[in-house]
Amino acid sequence: MSSMPQIGMKGRIRRLLPGLAALLCCPAVLAAAEASLRRLGTDYIDLYQLHWPDEETPIAETLSALDDLVHKGYVRYIGCSNYPAWRLMQALWTSDRYGYSRFVSVQPHYSLVHRAEFERELEEVCRTYGLAVLPYSPLGGGFLTGKYRRDEPPPTPSRGATSQRIQGYMRDPRNWELLDQLRKVGEARGKSPSQVALAWLLSRPVVTSPIIGPRSVEQLQDNLGAVGFRLDAAEMETIEALSAWE
Ligand SMILES: NC(=O)c1ccc[n+]([C@@H]2O[C@H](COP(=O)([O-])OP(=O)(O)OC[C@H]3O[C@@H](n4cnc5c(N)ncnc54)[C@H](OP(=O)(O)O)[C@@H]3O)[C@@H](O)[C@H]2O)c1
């Protein structure tokens, strides 16, 4: 990819009618892409990632439509999000078989409090086929920042006040031990727990770049403190032992 600012986006390609999808779907997809480019004020999208697998549309139809976008020059690279390993393999084989553009990136849900979903099978597929990995929710929606306290209700406003997922993290005693360790490593290195949690992802060889979701400039500045920061082998080992899922 170029060193210019890049535009990535997520989308979904819907099947309009079974059987007629190839005829009907592609013009609709092209028209929707043209409208997106107009709204974004750009000639092309650097990376277009499918948000979720589509249970109703055969993967060959989806990839054919994406391939059209690439050939038209509207999209440079394609990727996917929330694909389990078997669906990703199916997509890669389909691209090989028909000569369609292939997924170059994966956007998984992946953080220190959500490891198994990615590490169980998907990680190996990404490593083997050289796919870029862009984890979302890298701070567990905020839990790994250390903003929540044991035995205290989540502050308001915060995502933890309404998110059942974060409240679930708060009920697991192991996650509090993990947070204590992130604080300890952070204190020794002059970093916040969020920065240590982001550095853990950045230190995993398969990870390309976490996708951060700060709500304020202060949060953004804190998150950016992870740039260039890497954990050493001993720090990785302790943190991984406290978040192991196997
Ligand atoms: N592909 C998908 O299906 C999918 C799904 C989810 C998200 N995403 C993408 O991934 C991005 C990141 O996900 P995410 O928002 O869940 O990421 P995250 O980094 O795990 O959580 C972000 C939240 O953490 C808190 N936070 C961040 N930095 C903080 C700091 N320094 N101090 C205190 N709190 C801090 C904020 O919570 P408060 O708001 O409570 O302050 C913020 O809303 C999203 O913007 C979205 O683009 C993709």
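**Loops, domains and the ligand**

Modeller: Let's start at Asp151, a residue in the loop between strand 5 and helix 6; helices (H or I, at least four residues) and strands (E, at least two) are DSSP runs, numbered from the N terminus. Before we go on, this is a predicted model, where local features need pLDDT of at least 70, side-chain atom pairs count only at pLDDT 80 or more, and totals for chains, interfaces and linings use all residues. Residues are numbered from 1 along each chain as its sequence is written.

Biologist: What is phi of Asp151 near?

Modeller: Phi is near 60° for Asp151, a positive value in a residue other than glycine.

Biologist: Is Asp151 buried or exposed?

Modeller: Asp151 counts as exposed, with 6 C-beta neighbours inside 10 Å.

Biologist: Which residues does the cis peptide bond join?

Modeller: Thr156 and Pro157, with omega about 0°. Pro157 sits in the loop between strand 5 (132–133) and helix 6 (164–171).

Biologist: Let's zoom out. How many helices and strands does the protein chain have?

Modeller: There are 10 helices and five strands. The chain has 246 residues, and 33% of them count as buried.

Biologist: What domains does the assignment give?

Modeller: Domain 1 (1–107) and domain 2 (139–205 + 215–246), with bounds that come from an automatic or database domain assignment. Taken over C-alpha atoms, the centres of the two domains are 33 Å apart.

Biologist: Where does the ligand lie?

Modeller: It lies between domain 1 and domain 2, because both give residues to the shell around the ligand.

Biologist: How many residues surround the ligand?

Modeller: There are 24, and the closest are Tyr136, Ser137, Gly142, Gly213 and Asp222. A residue is near a molecule if its C-beta atom, placed from the backbone, lies within 6 Å of it. Helix 9 (residues 217–224) gives the largest share of the shell, three residues.

Terms used:
A residue is buried if 20 or more other C-beta atoms lie within 10 Å of its own, exposed if 12 or fewer, and partly exposed in between; C-beta atoms are placed from the backbone.
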